[in-house]
Amino acid sequence: MTLSSTSAPTSPALRRQVYDSAKRPHPAIEEAQELVRFWDLVLQWSRRNIKLRYKRSILGVLWTLLEPLMLMTILTIVFSQVFRFEAGDYPYPLYILSGLLLFDFFNRSTLQIVEETVASLGLASRIYVPRSAFAVATVITYLVSWAIALIPLFGIMLFLHHPLSWALVTIPLGMLITALFALGAGLLVATLGAFFHDVKLTYQVLLTGWLYATPIIYPLEIVPPQFQKYFLLNPLYHLVVLVRDPVILGRVAPVENWLAAIGFSLASLAVGWWVFATQRSVFDYRS
Amino acid sequence: MTTVADTAQAPSRESPQTVESAIALTSIEVRFSMPTERIVSFKEYVLKRITGKLEHRELWALRSLNLDIRPGEFVGVVGRNGAGKSTLLKVISRVLTPTGGRVVVRGQVAPLLELGAGFHYDLTGRENVFLNAALFGYSSRVVQAHLAEVIAFSELEEFIDLPIRNYSSGMLARLGFAVATMFRPDILLIDELLAVGDAGFQEKCLARIHEFRSQGTAILLVSHQMEAIADHCTRAIWIERGQLKAEGPTDEVLQRYSEGFAES
């Protein structure tokens, strides 16, 4: 078959698909099915976000690398020189930076999911797209930034003559588990944040508190022993251990941290996904 | 094996009654429940909820609406502002789930409602083609295979690798139209015939739309321009306050609609 310049081929994608409003699966399942069907959109949207970040200026890339480094320098000076925290047998800057990168990822990606969800409301009210696609693309975007920021981290390890261990290869897995946790949390906040402007502001305050409630800029050992057990209830604590232990201790994180992290992440994803998907009609019918 | 001539002479196995409809709406009902006052903060919402001061007002956008559109039909939709025309398109494009009734849509829906959805000004025309197409659910592999046709149709060969911030509004619309219609959809939804580019390009767009129709695409055109509906549609429906007020051959419905308009 030849095509003239004006004729268009019959759509290959999604062809002869029947949409029957009476035979729809549960919203949480439907959203997942549609996300798979629109997986290319997720990838395209992630690429778009990454391109836009780095297209604007060369400083875009540099900034991703410089910002955590500068923060690390400041915090290292403040906590090791001023407060005189005693770290273990590892360089304090590495302790701070490896944890800070995780928190930075969690902080930015969850807040951006709220932004993207609100921004996509207009689009999604005209064209059918699974809204979760934008949230997943956001998480992928920030995962890429995080991966890039690992380069200066490894650079500092070399600079400080800190041994690079084989355990470092488990970091991507820890990052992936963190991404699932962030996706769930982001979807949950976004569902409420799409309607009420104070939700995002409250969440931002909560995030600041969360940073200080997690042993990232201080070692867990300075916490009085009787309070240390409460830190185990903090999902971010376990997630941080997954990506920090290989850097500072040169070992794979203990199995109990892996199990706790995976458990928290799956729970977060289940709750966030459920709320986001079942509130879909509320998005549509919002005034 | 049957030849083309054989099948043409043989009586159609599918009589018009048994051809599956492209769009079938049964007792469609869309009811919005809107708070009587605008609530912007979560704190306010929770307080009102607890004190029982959260009041809602019901608004029927569509009510007991039945509609059946067959492949290859070009149907016009008329009605006043707020009559429920856009809501109808949203129900068909599954953006809005009806609160009652049943929608069955067979095949792919291409909404010609928002040309250039997701376009970003800092990206090139080419990059935006992929993004825009992804929003319609087309994979990048498929888009890559038909990219040359899309660019050729938009007549933007020289500009395709420039950021679209340098495009004129006509160029943007041309690119948007080319992407939205890169494949023949089974159902095409149009909200006002778009003034895309110059007269020559508009004709090209209309030719493509009619070619789709002749190949079996069902088309729904919502418009306030009576001439547009009279020119293109074989059938028309008139929606008034979310209900079907009239349905039938285009001239009859348009006649009744303009009379109804004169009365009020």
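**Ground rules**

I count residues from 1 along each chain as its sequence is written, with chains lettered from A and ligands numbered from 1 in the order in which they are written. Since this is a predicted model, I took local features only at pLDDT of at least 70 and side-chain atom pairs only at pLDDT 80 or more, while totals for chains, interfaces and linings use all residues.

**Entry 1: where the chains touch**

I looked up the A–B contact and found 52 residues of chain B in contact with 44 residues of chain A (contact: C-beta atoms, placed from the backbone, within 7 Å). Next I asked which elements of chain B give two or more residues to that side. They are strand 1 (23-35), helix 2 (42-51), strand 4 (100-106), helix 4 (125-135), helix 5 (140-154) and helix 7 (199-214). My helices (H or I, at least four residues) and strands (E, at least two) are DSSP runs, numbered from the N terminus. Helix 5 of chain B gives the most, with 6 residues. By class, I noted 28 nonpolar, 13 polar and 11 charged residues on the side of chain B that touches chain A. For the classes, Ala, Val, Leu, Ile, Met, Phe, Trp, Tyr, Cys and Pro count as nonpolar, Asp, Glu, Lys and Arg as charged, and the others, Gly among them, as polar.

**Entry 2: a sheet with strands from both chains**

I then followed strand 1 (residues 18-20) of chain A, which runs antiparallel to strand 4 of chain B, joined by 3 bridges (strands pair if DSSP finds at least two bridges between them). Who faces whom there? A:Tyr19 is opposite B:Val105, and A:Val18 has B:Arg106 as its bridge partner. The pair belongs to an open sheet of 4 strands in the order 1(A)-4(B)-1(B)-2(B), with antiparallel pairing. Its edges, each pairing on one side only, are strand 1 of chain A and strand 2 (56-69) of chain B. I read an average twist of 20° from one strand to the next.

**Entry 3: the sheet inside chain B**

Chain B also has an open sheet of 6 strands in the order 5-6-7-3-8-9, with mixed pairing. Strand 5 (109-112) and strand 9 (243-249) are the edge strands. Strand 3 (residues 74-78) runs parallel to strand 8, with 4 bridges joining them, and B:Val78 sits opposite B:Trp238. Strand 8 (residues 235-240) pairs with strand 9 in the antiparallel sense over 6 bridges. There I jotted down B:Ile237 with B:Glu247 and B:Ala236 opposite B:Gly248. The hairpin of strands 8 and 9 has 2 residues between the strands, and B:Arg241 takes a positive phi near 50° in this hairpin.

**Entry 4: two helices of chain A**

Helix 6 (residues 171-193) and helix 10 (residues 255-278) of chain A pack at about 30°, their axes 7 Å apart. That angle makes helix 6 of chain A roughly parallel to helix 10 of chain A (under 35 degrees counts as roughly parallel, over 145 as roughly antiparallel, 65 to 115 as roughly perpendicular and the rest as oblique). Axes are lines fitted to C-alpha atoms, for helices over the stretch in contact, and angles run from 0 to 180 degrees between N-to-C directions. Among the residues that meet are A:Phe181 and A:Leu188 in helix 6, and A:Phe264 and A:Trp273 in helix 10. This contact has 16 nonpolar, 6 polar and no charged residues.

Technical notes
Contact = placed C-beta atoms within 7 Å.
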